[in-house]
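User: I would like to learn how to read helix packing, domain arrangement and chain contacts in a model. Could you take me through them one at a time?

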Amino acid sequence: MITSNSFADKLDQERWFKYFLIAPAVFIILLIGLYPFVKLILVSFQNITMFDNELSYQGFIHYERLFDDDRLWESILHTIIFTAVALPIELILGFLLALLFLERIPYKQVFVGIILLPTVISPIVAGATWKLMFDQRFGPINQVIAWFAGHEVKLLWNIEPALVWPAIMVAEVWQWTPFMFLILLAALSNVDREQLEAAQIDGASWWMTFRKIVLPAIMPVMFIALLIRGLDLFRVFDVVWTMTKGGPGTMTETISIYAYHMAFREFDVSYSAAIAFLIILILTVIVVAALRRMEVSR
Amino acid sequence: MKQWDQGARLWARVFCAMIVTLFFVFPIYWLGAISFKTAEEIFAYPPVWIPANFNFHNYFVLFRDGEAWSIWNSFVTASISTLFAMFFGTIAAYSLVRYKTGGNHLGIWIISQRMIPPICVVFPVFLLFVAWDIVDTYTGLIVLYTAFNLPYVIWMMRGYIQEIPLELEQSALVDGLTRWAVLWKVVMPMAKSGLFATAVFTFIFAWNDFLFALILSRSDVVTFPVKVTGYFGAQSSLWSKVGALSMLGVLPMIFVVGTMQRFIVRGISMGAVKG
């Protein structure tokens, strides 16, 4: 009864083939992506610390601790402020730069290439570079300020509470404005020329043209750029680590730095797992809300 | 009059462009300058803006003491993990595009894996690697970077493969090639520039990684970003080494922006902008 013909064989082989192709990738992602995530949730309900290795179910004790941990909420606040300040600055500066390079300019490729460099180098190197730049005595920044001030200046960029955040912010904006710039430049060059000319003929103001034609055209791309950068800013670690390690005290501690501190300095493993879960929860809410808004605006 | 006006505006733009470019390049210049300075020049006050001559001593010290080895470690882990991620990622992307494996959901799930911050998964991964005894080995970092970059590769290659016309594959199948042969002999060559651009970014992500390397290496496979942060001490910092090793880490990136600019926009925008 069971007959095999070549066509059925082929179909069968195809079904097998497509899973064969995707299986290794899914296996690796499950192993290094999903397994740690499940493990994380498990550990957050156990009690593993430097002194304790209690693997039984402990309920929500670590999640309850989250609410009373001032240092945690401060670090979250730092992260949110950092993101909320750096993101618009990068967007606006990137946009202005893109406008500058949108029109004809000689040696455009060379300029753009050089401006791009910060974005592709390691954030550790970016942090190290700005740490050297901001050095109170041997760095060039205080020197330049001294020229303008007319006398010797000793601003302690790595220590002074009022100056640490601006210093980190400069490094961050320096490294990632080119990212915004490049994406917005590409998006702006794709805006329909004819529409712009038609608007000009109709006598529309610059602002009108921007709002009615340019902005809707670049919106989808701009949105994705903001999402990518926003997520990166929220988990910022490297640049802060090189410049201040979260100090002085806990002044510049971001959520990633605090989570690192609890896991690998205090060995408060279960609690750090609860923090990690909280971070993932916050990010999921942000991403889902953002994607939903993107769908609405379409 | 109008002609003159346009000329003036062009020069104004060029002038602005130069100022901006200077702002972005100066810190890297400063880093490079430090790497060529003598100890006296580094710690001179007021600072020396241009080192007196190209003094390769700082680089020489790195190689003599074997600390430049960290660059080699970065290179080995980044390039081998790139090969693995590209291979497994591309065939997976092909399966997603041509067979619609798992519908839309599988693709979305894969890219969502990229959103999880490294700090959240690094501890469980650490425990896993302790159990497998691959902490502080090339294997450990290569496995991790492969896994970490896979979603990116799949996502990007999905976009590139979608652009390949289906007719070519169909006629190749009619000619009697197997599915596997079609993938290798028709699809891969067609996707060459996409493969190349994606591989460059995969390499960059692994090359620049800090957090994973910080936790999963001890002494044998320390990569250059970890080594650089080690030079900053509480009391004093080894600036000459920071400068020289950082520059070694930046050099490949100068090459990348110098030669592959047209690939970059699509790569960093995760495919949102087709360059």
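User: In which hand does α3(A) pass α9(A)?

Analyst: This is a predicted model, and in it α3(A) passes α9(A) in a right-handed crossing.

User: How is the geometry of such a helix pair described?

Analyst: Two packed helices are described by the angle between their axes together with the distance between those axes. Here the axes of helix α3 (residues 70–102) of chain A and helix α9 (residues 206–234) of chain A come within 9 Å, and they cross at roughly 145°.

User: Which residues of α3(A) and α9(A) meet?

Analyst: From α3(A) come Thr79(A), Phe82(A), Thr83(A), Ala86(A), Leu87(A), Glu90(A) and Leu91(A), and these meet Leu226(A), Arg229(A), Gly230(A), Leu233(A) and Phe234(A) in α9(A). Sorted by class, the residues of this contact of α3(A) with α9(A) comprise seven nonpolar, three polar and two charged.

User: Turning to domains, into which parts is chain A divided, and how far apart do the C-alpha centres of domain 1 and domain 2 lie?

Analyst: The domain assignment of chain A gives domain 1 (6–44) and domain 2 (71–297), whose C-alpha centres lie 36 Å apart. The contact between them takes four residues from domain 1 of chain A and six residues from domain 2 of chain A, and on the domain 1 side the residues divide into three nonpolar, one polar and no charged.

User: And what are the domains of chain B?

Analyst: Chain B is divided into domain 1 (2–55) and domain 2 (66–268), with the C-alpha centres of the two domains 33 Å apart. Seven residues of domain 1 of chain B are in contact with seven residues of domain 2 of chain B.

User: Which elements give two or more residues to the side of domain 1 of chain B that touches domain 2 of chain B?

Analyst: Those elements are α1 (2–36) and α2 (39–42) of chain B, and the largest share of that side, five residues, comes from α1(B). By class, the residues on this side of domain 1 of chain B are five nonpolar, two polar and no charged.

Terms used
Residues numbered from 1 in each chain as written. Chains lettered and ligands numbered in written order. Predicted model: local features only at pLDDT ≥ 70, side-chain atom pairs only at ≥ 80, totals over all residues. Axes fitted to C-alpha atoms, helices over the stretch in contact; angles between N-to-C directions. Helix = DSSP H or I, 4+ residues; strand = E, 2+ residues; numbered from the N terminus. Left-handed = near helix turned anticlockwise from the far one by under 90°. Contact = placed C-beta atoms within 7 Å. Nonpolar A, V, L, I, M, F, W, Y, C, P; charged D, E, K, R; others polar. Domains from an automatic or database assignment.
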